[in-house]
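Look through the structure below with the text beside it.

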Amino acid sequence: MLLADDTAMLVEVKAGSLSPEARRGAPDRLREQLDGLVGEAHEQALKALEFLRSAPAVTFDVKDQAKLRVQSEHFNAFPLITVNLDPLDVYTTNLGRLVNFGVIGGSNLPWAVSYLDLVVIADAVEFPAQMLHYLKRRQRVNELGFIMAHDELDWFGHYLKEGLYFERLADTTDGATEKPLWNITGYSQELDAHYMYDERYEGEQPPIPRQYMPASMRKMLRELENSRPHGYLHVSLALLDLSWQARDNFFTTIEDLIGRTTLDGTNHNMTMLLDDG
């Protein structure tokens, strides 16, 4: 359980792997093992969530007979995360497949990720709020249901480059009864180049990619993480929701207001209207 502001992330980890029979596609064996690796982890996270919501404060038993008391009434968001040692991208990247397979239910879906992908994402994320923002966008991808990817790092690479926003594609159905399926690919190339440069690439190791933001935005997010006032996570997520252009506009205006206040010693304010996000 990872606690940040009013958010409690519930993480369940499974270390098993698929058998050769399941990898060959034997339906019953595959369903059984996916249920043990992802389905059970999801069920355990849901049980922890149910316990957290059962009372204003709950107590967990931890190691060496210790107790951990959590004021659960202070938390409003509960992202569920399942981590697998064995890469299961072909199934977990698009969770609708596991729902159709009967492995997990169709509501309150987890973020299902392999350990190795999690390591890469943790390296590239700059703030805890950014990890939570990525989880928020991944959950939205699951809700939309018509965007597909080949592996988790394609999703994350898209998040770094373009924000993982597909809402406007939902309006391009041209009257069709079913939304067309969209596939994204190639967004993990910069991550691949950073981690595999000694095997596939020549020259100096490329830096790990970061999401674009003005320096003043990065500074503000770090200050919020360091001071952690109540509700800081909502401010951080709202800033990360801004498009690249909106980020530039927002923080350029803020710097202008700071300059005005420095000159005349009075307060200045701004209003920014967003048509999306």
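The side chain of H158 comes within 3.3 Å of the backbone nitrogen of L164. That is a polar contact, defined as a pair of N or O atoms within 3.5 Å in which, within protein, one must be able to donate a hydrogen and the other to accept it; residues adjacent in sequence count only if both atoms are side-chain atoms. H158 belongs to helix α7; helices (H or I, at least four residues) and strands (E, at least two) are DSSP runs, numbered from the N terminus. With a relative accessible area of 3%, H158 is buried, where buried means under 20%, exposed over 50% and partly exposed in between (1.4 Å probe, protein chains only). Apart from neighbours within four places in sequence, H158 contacts G163, L164, Y165, F166, I184 and Y187, contact being heavy atoms within 4.5 Å.

This is a predicted model: local features need pLDDT of at least 70 and side-chain atom pairs count only at pLDDT 80 or more, while totals for chains, interfaces and linings use all residues. Residues are numbered from 1 along each chain as its sequence is written, and side-chain values use heavy atoms, with hydrogens and water left out.

Helix α5 (residues 115–124) has D117, V120, I121 and A124 buried. These residues lie on the same side of α5, because they cover an arc of only 95° around the axis, taken from the directions from the helix axis to the C-beta atoms. An α-helix has 3.6 residues a turn, so residues three or four places apart point the same way. The partners of the buried α5 residues are α3 (89–92), β6 (111–114), α6 (128–144), α7 and α8.

Two of those partners, α7 (152–162) and α8 (189–195), are the elements that each give two or more residues to the lining of the largest cavity. The lining consists of G157, L160, K161, Y187, E190, L191 and P209, and α7 gives the most, with three residues. A cavity is a set of points on a 1 Å grid over the protein atoms alone where a 1.4 Å probe fits but cannot get out; lining residues have an atom within 4 Å of a point. The volume is about 40 Å³, counted as the space filled by probe spheres set on the points, which are joined across faces, edges and corners.

Two loop residues remain. D5, between β1 (2–4) and β2 (7–14), has a positive phi near 55° without being a glycine. D5 is partly exposed, at 22% relative accessible area. D64, in the loop between β3 (58–61) and β4 (67–70), also has a positive phi, about 55°. D64 is exposed, at 77% relative accessibility.

Notes
On a 1 Å grid over the protein atoms alone, a cavity is a set of points where a 1.4 Å probe fits but cannot get out, and a pocket is an open set with protein on both sides within 12 Å along at least five of seven lines; lining residues have an atom within 4 Å of a point.
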